[in-house]
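Here's a quick tour of the model shown below. Have it open while you read.

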Amino acid sequence: MATLKMQNVTKQFGRTVLAVKDFNLEVEEKEFLVLLGPSGCGKTTAMRMVAGLEEVTTGNIFIGNREVTELPPRKRNVSMIFQNYAVWPHMTVYDNIAFALKLKHTPKDEIDKIVKESASLAKIEMLLDRLPSQLSGGQQQRVAVSRAIAVDPDIFLMDEPLSNLDAKLRVSMRTELKAIHDKAGATTVFVTHDQSEAMSMADRIVIMKDGEVIQVGSPDDVYHRSRTIFVADFIGTPPTNFFDVSIQKESDGTHLVNPHLNLKLEPEMAKYLNGYNKDHLILGIRPENILLVDEAKAALSASCLVSEPQGSHQVVAIQLDDNIIKAVAPAAPKIAAGSNVYLDFKQATMRFFDPDSTLAIND
Amino acid sequence: MTTKPAKIKKPIKLSRLISKTIFYMFIVTLSVAIILPAFFLVSLSFLSTREAYNYPLPLLPTLKTEYSMTFGDRGYLISVYDNFEEEYQTVLDTSETEKITVYMRNQLGTPYTIPEIEEQIAKLESGAEDPVYFSARKNIFLNYISFFQISRDAVPALLRSFQIAGLTILVSLTIGGMAGYAFARYIFPGRDALKFSVLFVRMFPGVAIALPMVIILANMGFYDKPIGLVLVYSVGSIALTIWITASIFMGIPESLEEAAQVFGATKFQTFLRVTFPLALPGLAAAAMYAFLGAWNETVSAIILTQFNPTFPVVVYQALLGAVGNVNLAAAGGLVMAIPSLIFTFIIRRYIQQMWGGVTI
């Protein structure tokens, strides 16, 4: 196991397309790092550069103390799990797992031992004689996992390994992959576009957009302390609610105002705006931080558009002009569509964003 | 007490009966159309010359011939039993024993030695029997032996054909396979136009471009040499190979190759252990087309060779009547067909060997 360091890495396709821009990253030993972003954000390209499957345009990549920027994939001692599994269809499961070991001329009995160990870790020890075409998607994924474990790599790379599985299997494989990671203690870079996958597995999340890193942080960080509007919107289901508000300083304190909303800021929140000299901002608040209150305390009142029961809670959707605001409320009492709801915000959890730079003001 | 219900025979619907009948008629017609010529060729190649030029033509070759011998005007009168007319027909009246044996061998496919015929003559002379009846066993492969004896070029031509077909496979698979891989894996300007244009070479009939080819090959010093024909055949089969292999390489996910590289394989090992086995069915199919194309090609070979013909040219010459008879030509034709058949049956195993997830 080793660390991974990427310094000022850039990837350019053709003359114009910048897939990855000035990418800097350090992954610690045994860390489970997730590259998260919408499709086309360069996360897979970044990982493929670590694997050596894409050439680096500029910048350097280090695995441990070795510089691997110019090395071919086979000399990097990384292993990779592909989105479409990429198990070789003409080899049995055993041969798939033993492939790398055979190339290294490992003694036969040792190969046998390693293959059986890594197969049992991925729970496919009874499938060793099968051909991949005789396996289900989930089993093929397990073959890919044990093939990756068998080589004892410095870095594990996983390129959306769960996206081809059905929803239920995906969630259970998530747990298993994480367990295997903990058992093997491997430094892992995991690429996904599924934020809930990222939240549930990652030690740290790197959020990317248009080839750039937007935020690096723990799942808690990116969720509660989103650095930009993009992050706040991308992370969480339902996503953060946004209000375009103007700042009005009145005698009793600072108010955030728009046609539907008049929110008097608590002093500790108001002080974040001291250094801010624009009269507009974007207010972001998570659905679970919007509270249903009595009419008297309400910062916002509107009629409920629809309520989605989720068992443990309900998601209340409210239409304000063109925007739909979602709030998470307790399951009971059930809120009927069309009824009036009165809302207040947990002010400590609010995020203020600069409408021009989209960056958060209150950090 | 229960009684067994009487079995009711289902009436067959008339429309179904008709459609089935038409279906089987179609199938039978089709098989007859395919099998009959092949059967005819095989049967003809085993007929003796006399049988082959007889009317009506026998369906199957005889295995032995009945002879009768009596005294004739000029010596001994030899008659042959005709299976169709069911009577002996006089074929020869001579006193020379050698002439008799040559006739028996060449016309009826029954090798008979001079002492053997003299023995029969002795029987006749002694007056014990008149006429003398005897039968001679037919050498069923005599046509094949004769074909190679009469067409002096046949054996070298056969070897030459093997050489040409083998080299054509090698050249077209090497160049066409690599080009097919490039077409499948890389995007470059003009790719589709180029891929289509390789098919242009197949649009020209061999005869139409024969003269320029003769001139070009003569200038290269390859006229009447196997290598010249290899070049000509390869041009056509490279085009086909490119199309076959490109489509099969396209069916192999790139991630399979990338996985091999990540897990420690060099580019060459990746090709050898992953790409090649997965592409084998396509390569086998391409090899088969290249072989059949080169092996069976006659027109260009007639034009582009003079003293070093290929085997189809030799068969063609046998058919022309310059050397022999139809039954000899049939024997030659069958000799030519056998390697194609064997090669196709061997290669068929690989073409069928489709791995899961990879389709052409």
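## Domains

Chain A splits into domain 1 (4-234) and domain 2 (241-353), with bounds that come from an automatic or database domain assignment. Going by C-alpha atoms, the centres of domain 1 and domain 2 of chain A are 40 Å apart.

Chain B has domain 1 (62-140) and domain 2 (148-351). Here 51 Å separate the centres of domain 1 and domain 2 of chain B, again over C-alpha atoms.

## Ground rules

The model is predicted: local features need pLDDT of at least 70 and side-chain atom pairs count only at pLDDT 80 or more, while totals for chains, interfaces and linings use all residues. Residues are numbered from 1 along each chain as its sequence is written, and chains are lettered from A and ligands numbered from 1 in the order in which they are written.

## Where the chains meet

Contact means C-beta atoms, placed from the backbone, within 7 Å. On that basis, 19 residues of chain B are in contact with 21 residues of chain A. Helix H10 (254-262) and helix H11 (267-296) of chain B each put at least two residues into chain B's side, and H10(B) gives the most, with six residues. Helices here are DSSP runs (H or I, at least four residues), numbered from the N terminus.

## Around A:Val50

Leaving out residues up to four places away in sequence, A:Val50 touches A:Leu4, A:Ile61, A:Val78, A:Ile155, A:Leu157 and A:Val189.

Technical notes. Two residues are in contact if their C-beta atoms, placed from the backbone, lie within 7 Å.
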